[in-house]
Amino acid sequence: MPPMFKRRLSLFSPGPVGTIFAMIALIIWALVVLFPLYWIFITSFKLPIDVFSGPFYVPFLDFKPNLDAWKYILVGDLQRDTFRPYLSTIVVSTSSTILALVFGSAAAYALTRFTYRPKLGAVGIFIGCLLLVIAAVSLGVPWLLAVVVGLVLFFILLQTVARRFKRSLGNNDIAFWMITQRILPPVAVVIPIYIFFQRLGMLDTWPALIITYVAANMPIVVWLMRDYFQTVPIELEECAAIDGASRYRTFWSIVLPLSMPGLVATFLFVLVFAWNEYLFALFLTSANAQTLPLTVAAQNATRGPQWWYMSVLILIMILPVIGMAIALERYIARGLLVGAVKG
Amino acid sequence: MEWLDKRSGYAFLLPAVLVILCLSLFPLVLSLYISLVRLQFVKSGIQLTFVGFDNYAKLLVGIDHIHFLGDQAPPSALTWIVFGLVAASQVYLFTRYLRNGRTTPAGVVGRGIVVVGLSALAYLAVTTLAPGGRPGTLMVTLIYVFVDITIQYLLGLGLAMLCIQHLPGQRFFRVVFLLPMMITPVGVAYMFRMLTDTIIGPLLPIWSALGLVNTSWVTNAWSSRAAVMIGDIWQWTPFMFVVLLAALESQSIEPLEAALVDGANQWQIFWEITLPEILPVSTTVILIRMIEAFKIVDLPNVLTNGGPGTATESLTLHAYTIWRALDIGGSAAVAYMLLITSTFFCMAFANLVRQRYVQG
């Protein structure tokens with residue numbers, strides 16, 4: 001809590017009536033939040049008969065808790081089907097989050113400390129060449145040939161025509177371009193990505209998902225971290241540069257440690273997105289690299305919803321993230337706010 | 001080493017640019033192309049037939065237009081009145097902008113697009129939501145986005161206002177209110193399937209008190225849409241809450257003290273001081289939620305399976321069902337319509353609303 005709130009302002013200390021109303025409202029919303037969680041918690045200890053013979057609310061009183069569902073999922077028949085997706089989810093979400101954080105914060109740092117002036121002409125020529133290549137491929141030209149010709153054409157035009165255009169873009173344009181990538185609905189890019197990985201024979205593998213998640217989540221990192229780096233004083237970096245540290249060293253051992261709170265919040269935020277991601281996983285994986293959201297969703301398809309197994313799966317899926325959220329609650333608000341205020 | 005150090009500017013930025021180029025921009029352009037072809041999986045790989053705008057025409061006027069745009073009721077007097085009001089307010093705002101003397105060509109074009117787009121969508125809304133009409137996936141997605149965000153913002157703001165008071169158990173409430181955001185949407189969907197079950201669900205006493213036993217939420221179009229929206233509101237109110245709470249906590253205290261000394265009441269302080277101060281943050285969280293909300297897919301897919309019929313299908317789910325039917329080009333066309341819609345609303349909001357409250 002910021003220091004100024006240590007001073008008690010009468011505005012924030014409601015009278016007895018106000019306190020009672022406020023508490024009632026807060027408790028109601030807490031119940032709204034907690035009741036569904038409580039319900040899946042007790043459902044995970046129920047037998048099918050306890051579920052189907054009507055709602056029972058209190059364990060031991062209404063029904064006898066039973067570990068059947070937990071055993072079935074964790075050590076019984078479904079063991080393999082649970083641990084494989086669990087492992088996939090952990091590997092894919094943590095590694096993609098770390099990579100997104102590395103690339104994204106490097107880019108965010110660069111955008112706050114360097115000046116880039118990409119020539120408008122060069123960008124235009126690049127887009128033009130790209131469209132030409134795609135048109136050529138679609139007309140039946142072998143794609144390797146088209147790409148090579150496109151690249152050559154791009155460099156020739158870059159050296160000749162591009163020099164005539166004086167207008168150039170700035171850092172803000174690059175940042176805007178990166179951040180707006182988040183608007184892109186996954187479903188609009190997933191088909192080409194699917195074909196791309198199919199051609200490479202990488203469908204249903206961890207790397208395919210990791211690469212996709214890095215691209216999908218990096219805009220958030222750039223957005224949040226760019227604003228965070230702007231609050232880090234530049235003097236320290238100048239001192240380090242005078243002492244002979246390279247840019248990379250300065251970034252690694254001065255800027256990153258100073259931005260820890262922002263990094264933690266961003267990490268958690270991106271991790272939750274990757275952990276819960278559904279659509280890309282739905283398209284890009286089938287059996288090998290399936291992640292937990294798909295396992296949970298698939299419970300429906302086979303024999304109608306098996307509430308007791310599903311509850312166990314949902315619980316083991318959300319426990320790690322919830323634990324992390326409770327531990328890092330402080331950082332979340334702060335990290336998100338910096339991005340939101342400066343936008 | 002020195003060579004590398006001199007080029008550090010590129011070394012920092014290039015990986016991110018390459019990742020976005022390869023996995024966002026190329027796929028996006030390719031997707032546009034795919035939406036213009038009929039793509040078939042054949043033995044030797046993929047066969048493409050160029051069909052021009054056929055896939056889009058199918059959605060807008062062809063066999064799929066009821067699925068995408070919805071069934072339009074014949075316009076009645078009321079629909080014309082509602083539509084007229086919306087269009088008139090649009091035109092009024094546009095002429096006011098033209099007269100204010102600071103017009104730029106880009107501003108005129110942008111606002112023109114907004115006027116046309118909003119009016120067209122308003123017409124679609126009044127005709128499909130009128131009795132006799134049936135909203136398609138486009139309208140359903142827009143309903144999700146706007147109803148959800150409005151309720152989430154109001155709830156989040158209210159809870160944040162309560163949590164900033166000095167009350168017992170503050171810390172507990174803050175942590176608890178955060179939880180739904182962390183839960184996978186698929187899990188949320190199943191939770192609400194259990195809760196909305198009127199036979200074995202835990203809310204049975206409430207249903208029987210209301211005489212609703214044996215009526216299912218998911219057989220009626222509006223109640224299943226409501227179920228999806230309740231799930232989404234439950235999940236994302238925490239995001240609004242957590243950011244707005246942080247914004248409320250960091251507001252400067254001097255104006256509040258001064259207002260109290262001058263004898264302003266709580267209500268006046270909220271309207272005159274607190275609300276203007278948190279408006280920049282508010283517009284940002286709304287923008288972030290808007291960007292994410294357009295992508296909604298897991299909740300309707302698991303909670304209602306898009307049904308009854310296609311009543312709860314969002315655009316992403318629509319694209320997915322077409323994809324499963326192996327109409328890849330059509331799927332890309334739906335995805336592109338979603339991209340256009342969400343870009344339209346996000347850009348309009350960012351440039352016309354948010355710009356006024358946020359500097360820099």
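**A bent helix and its chain**

Mentor: Helix α13 of chain B, residues 266-293, has 28 residues, yet its end C-alpha atoms are only 33 Å apart, short of the 40 Å that a straight helix would reach at 1.5 Å a residue. Keep in mind that this is a predicted model. Look along α13(B) for a bend: a kink of about 50° lies at B:Leu279, shortly before the proline B:Pro280.

Next, the surroundings of the helix. The buried residues of α13(B) include B:Thr274 and B:Ile278. Also buried are B:Val281, B:Ser282, B:Thr283, B:Thr284 and B:Val285.

Now step back to the chain. The domain assignment of chain B gives domain 1 as 73-132 and domain 2 as 136-356. The C-alpha centres of these two domains of chain B lie 25 Å apart. Where they touch, 6 residues of domain 1 of chain B are in contact with 6 residues of domain 2 of chain B. On the domain 1 side of that contact there are 3 nonpolar and 3 polar residues, and no charged ones.

Chain B also touches chain A: 86 residues of chain B are in contact with 89 residues of chain A. On the chain B side, helix α2 (residues 8-34) gives the most, with 18 residues. By class, that side of chain B divides into 63 nonpolar, 16 polar and 7 charged residues.

Definitions and conventions: Residues numbered from 1 in each chain as written. Chains lettered and ligands numbered in written order. Predicted model: local features only at pLDDT ≥ 70, side-chain atom pairs only at ≥ 80, totals over all residues. Helix = DSSP H or I, 4+ residues; strand = E, 2+ residues; numbered from the N terminus. Expected span 1.5 Å × (residues − 1). Bend = angle between axes of the 7 residues up to and from the residue. Buried ≥ 20, exposed ≤ 12 C-beta atoms within 10 Å, placed from the backbone. Domains from an automatic or database assignment. Contact = placed C-beta atoms within 7 Å. Nonpolar A, V, L, I, M, F, W, Y, C, P; charged D, E, K, R; others polar.
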